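Let's take a walk through a protein model together, one piece at a time. Have a look at the picture first, and then we will begin with a question.

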Protein chains: 2
Amino acid sequence: MVSSSGATQDEIRRLNVSTLLRQIHVHGQLSRADLTTRMGLNRSTIKALVGELSEAGLVTETIPETSMRAGRPSHVVRPKSDTAYVLAANIGVDTVTVAAVGLGGIIEGRADYPLLRPAEGHEMVIARLATEFRELQASMGPAAWLVGVGVGVAGAIRRADGFVEFAPNLGWRQVPFGQLLAERLGVHVQISVGNDGDLGALAEHVRGAGRGIQNLIYLSGEVGIGGGIVVEGRIVTGAQGYAGEVGHMMLNPNGRICRCGSHGCFETEAGEDAVLVACGREAGGGRAALLEVFAAASQGELRALDGLHEIAIWVARGLSTLVNLLNPDVVILGGPLWSLFFLTGDLIRSELHAMSIFAARTQVQVLQPGLGDDSSLLGAAELAFEPLLSDPVDAWSRRALTG
Amino acid sequence: MVSSSGATQDEIRRLNVSTLLRQIHVHGQLSRADLTTRMGLNRSTIKALVGELSEAGLVTETIPETSMRAGRPSHVVRPKSDTAYVLAANIGVDTVTVAAVGLGGIIEGRADYPLLRPAEGHEMVIARLATEFRELQASMGPAAWLVGVGVGVAGAIRRADGFVEFAPNLGWRQVPFGQLLAERLGVHVQISVGNDGDLGALAEHVRGAGRGIQNLIYLSGEVGIGGGIVVEGRIVTGAQGYAGEVGHMMLNPNGRICRCGSHGCFETEAGEDAVLVACGREAGGGRAALLEVFAAASQGELRALDGLHEIAIWVARGLSTLVNLLNPDVVILGGPLWSLFFLTGDLIRSELHAMSIFAARTQVQVLQPGLGDDSSLLGAAELAFEPLLSDPVDAWSRRALTG
C-alpha cells in the first residue's frame, strides 16, 4: 500500500529496475525493443533503466553488427555474469556440487565431490563447503560482487533460517545448518538454504523444461524420492518450509518401513533400493547399480524389465495422487525417474490414465529436466540471487556502504 | 507495470478503494482508526475513500455513542449488506442450498431443498435454481444491487467457464453448466462456478476457522470426500481448475473400485459408504444412516466403534500425505469427518504422528469449520463478490451504465 506520491515514484522505479534485471537474468539476453514490449514501458524509460543497471555493472549493452530488419537495430542487453555472482551448492545423498553462478544463471566455476556417508557429518560438509567456496571466490575477478549464498539439502528444511529438521538419507537430524554455515563462511551476504527438490522445481520453472509453466511438479530420485511443487509460478513451501515431501506420500498401507518413520511411502516403494530389489539385485548398490539395471533392461533382461514394470506402477500411483491433488500442466522427472520413464513410459501413462481424474490427466505432460543433473544446484543459485533481483537498488546501495 | 504518473494515481486510488472495501467485507466492521493502521494510509485519505464507498451505497458510517477511550471516537464503517448482494448456491450430493448473501457475508435469505438423485439431472437443477434465485431477488429491496452469481458443485469444474467435467456423485459428465445457467438466468452479471470443496476452503480461509491462516486444507465428506487447498492465502486451482481432488488420492492399491474409475481412493476407503460398511450397516443409507452410526458409537456400540476406528486410520493416512506434501498450518474437517474426528481424534492424531514428517506434523492443528454446513455456500458467495471487490470503481461505473 502506497500513501504518498513521492514514495510511489521511487517504489515504481525500484520495481521497474527489479523487473528489468529479472527479465535479463531469466532470458539471458533481450533487445531494448523486446524489453519495451514485455514491460509495457516506453523506450526512453527502458533506456534510463538499462543505463542504471549498466552503471551498477550488472548488464552490458551491445549494438548488433548486422540486422536483417530495416531501421536502426535495437541495443541488446545482456547480464554481466562475471560481476554479480552467487555461491551455490547442492548437498545430494551421494555427491556435493559447488559452483560460482553468475547473473543469467551462468556457471562460472564448479566442483563435484563424492559424499562419504555416513562418516561425513554436517561438520565435515560445512568445512568442505567453506574451502570450496573460498577457492571459487578466489577464481572470480577482483571486480566480482558476491550477492548471496544458496545451498540445497536433501531434507526437511525450515526455510526461515535453514534449520535442517530431518535429512534421513544424510543421517542429519535437527542441525542448525544455516547458522553454522554462516558462522563458518563469515560473509556479509544472505545465506539461504532450501530443500533440494524444491530448488530443482524452482530452477526448472525459471530456466528449465518448465519455463513459462505456472503449475508443475518436479520429481527426482537419488536414494529417496524428492521433489518440489510449483503453484501459480511459486514454490509451495507450506507453513514452515517443509512442503513438497513427495517421497513421503503414503502409497502402500502394507508397505516397508521408511527412513522417515512411516511405512509404504512413495520412496520405499519406488526409490533406489526398491528398484534394485524388484529387479533381483541387492539393495544398497547406489547409482552405479541402478545404471546397471537400466542397461540390462534396455538390453532385454526379463528380470530387470519385470522389476521396472512393477516400480512403474508405483510411480504411476504416486503421480496420480499428485495430478488429482494439484492438476499440474507438467510433471518433470529427473535422475533415475527419467530413465525409468524412458523405459516404461507407456505403462506409466496407461496406469496414470486409469488412476487419475479424467480432466486433470488429459493435459498433463511428462518431461525430462531441462537442466540435466544441475536443477537443484541452479535452484540454489536462484535462491541466492533473490535479494539482488527483488531490489537491485537496495542491493547496490548496501554494496557501496560495505565496500 | 505502470508507465505514467497519471495512470499511477488512478490505479493507486482504485487499489485503495478495493483494499478498503475488502477489509470491510471480511471483517464486518472496522473503525476509521483501524483502517488507518491496517492500510498504512493517513486519516484524510481513509476518510475520502470511505466517502467514495459510502456515496456508492456500499458502506455506512456511524459514530459510536459511547467510548471508553479519551478523545473523539473514531467513525465505524460497516458494509451495507442490503445494497450490494450476490446469489449463491451449493449443489451438494444430497441437498441444494441457495441464498442471497449481502456484502460482509451476511445471509439475507436462503432456501434448502433435497436433491433427488439420480432422477434430477442438471436441467432440473438449473430450472430450480432459476426459480429460487428469482424469488430471492424479489425479496431484496428495490435499491438492492446484484453484483454476481456463484455456484458450488460437487465435481471437477473447469474454473474458466464453469464446465462440469465430471461430477461422479451427481451423475453428471461434461455438462456446460456455467453456460446453461447463464442462458437460463439471463442476468447481466458474472456467473462463477467452482468445486464445492475449493469454495469451502475459500470461505473458511476468508471468514471461518482458517481466518488469517495462509496454508490450510479443508476436507468435507458427503457421499464422497471433497476438499480444497489454500497455499499462501490462495485456493490452489491448478492448470485448468481441477486441483484439490483430495477424495481421489490413491491410498490403497488393493482397494475398492471408485466412482472416478480408479480404485482405493481416499473416498472409497473413508467415504460415507465405507463408514457404513465398516460399522456393519448397509451401504447407501446416506446422511441419516451415518448420524445413526455416530450416535451408536458415542453410546458405546462396539461394532460401530471398531468400524470408526478402522476408518480413522484411513483418514490419518490421507491426512499424512496431505501434511507431507503441503505442510499446512491447519486442517479443517467438515461434515461427518468432524464427527469422526470428535469420536476418534486420539487415534487419528497418533496415526498421523506415526506417518507424517516430524517437522510438518508438529504444528498442524485440526479444527472444526467456523461456518458449520455453510462453508461451500459462503465460498460460492465469495467467488461471486470477487469482481466487485477486486475493482469496486469499475463495478459501480458499469452499474451506472447498465442502470
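Predicted model: local features only at pLDDT ≥ 70, side-chain atom pairs only at ≥ 80, totals over all residues.

The names of helices and strands come from DSSP runs (H or I of at least four residues for helices, E of at least two for strands), numbered from the N terminus.

Now back to the covered strand. In a regular strand the side chains alternate between the two faces of the sheet. In β4(A), A:Ala84, A:Val86, A:Ala88 and A:Asn90 are buried on one side, and A:Tyr85, A:Leu87, A:Ala89 and A:Ile91 are buried on the other.

What does β4(A) pair with? Strands of a sheet pair through backbone hydrogen bonds, either parallel or antiparallel. Here, two strands count as paired if DSSP finds at least two bridges between them. β4(A) runs parallel to β7(A), joined by 8 bridges, and A:Ala88 stands opposite A:Gly150 of β7(A). With β5(A), β4(A) pairs in the antiparallel sense over 7 bridges, and there A:Leu87 faces A:Ala100. β4(A) and β5(A) also form a hairpin, with 3 residues between them.

These strands belong to an open sheet of 5 strands in chain A, in the order β6-β5-β4-β7-β11, with mixed pairing. At the edges stand β6 and β11 (191-195) of chain A; each has a single partner strand, so one side of each is left without a neighbour in the sheet. On average, neighbouring strands of this sheet are turned by 15 degrees against each other, direction ignored (axes are lines fitted to C-alpha atoms, for helices over the stretch in contact, and angles run from 0 to 180 degrees between N-to-C directions). Strand β7 (residues 145-153) of chain A is joined to β11(A) by 5 bridges, and the two run parallel. Within this pair, A:Val149 is opposite A:Ile191.

A:Pro114 has its place in strand β6 (residues 106-114) of chain A. Because it has 10 other C-beta atoms within 10 Å, A:Pro114 is exposed. Leaving aside its neighbours within four places in sequence, A:Pro114 is in contact with A:Asp94 and A:Thr95 (two residues are in contact if their C-beta atoms, placed from the backbone, lie within 7 Å).

Helix α4 (residues 122-139) of chain A lies across β4, β5, β6 and β7 of chain A, running at about 30 degrees to β5(A). Helix α13 (residues 375-390) of chain A lies across β4, β5, β7 and β11 of chain A, at about 135 degrees to β7(A).

Another helix, α3 (residues 43-55) of chain A, lets us check a length. The buried residues of α3(A) are A:Ile46, A:Leu49, A:Val50 and A:Leu53. Seen down the axis, they fall within an arc of 100 degrees, so they line one face of the helix (the arc is that of the directions from the helix axis to the C-beta atoms). An α-helix has 3.6 residues a turn, so residues three or four places apart point the same way. On the other side of α3(A), A:Ser44, A:Gly51 and A:Glu55 are exposed.

Finally, let's see where the two chains meet. The contact takes 51 residues from chain B and 51 residues from chain A. On the side of chain B that touches chain A, α10(B) gives the most, with 6 residues.

Key: Residues numbered from 1 in each chain as written. Chains lettered and ligands numbered in written order. Buried ≥ 20, exposed ≤ 12 C-beta atoms within 10 Å, placed from the backbone.
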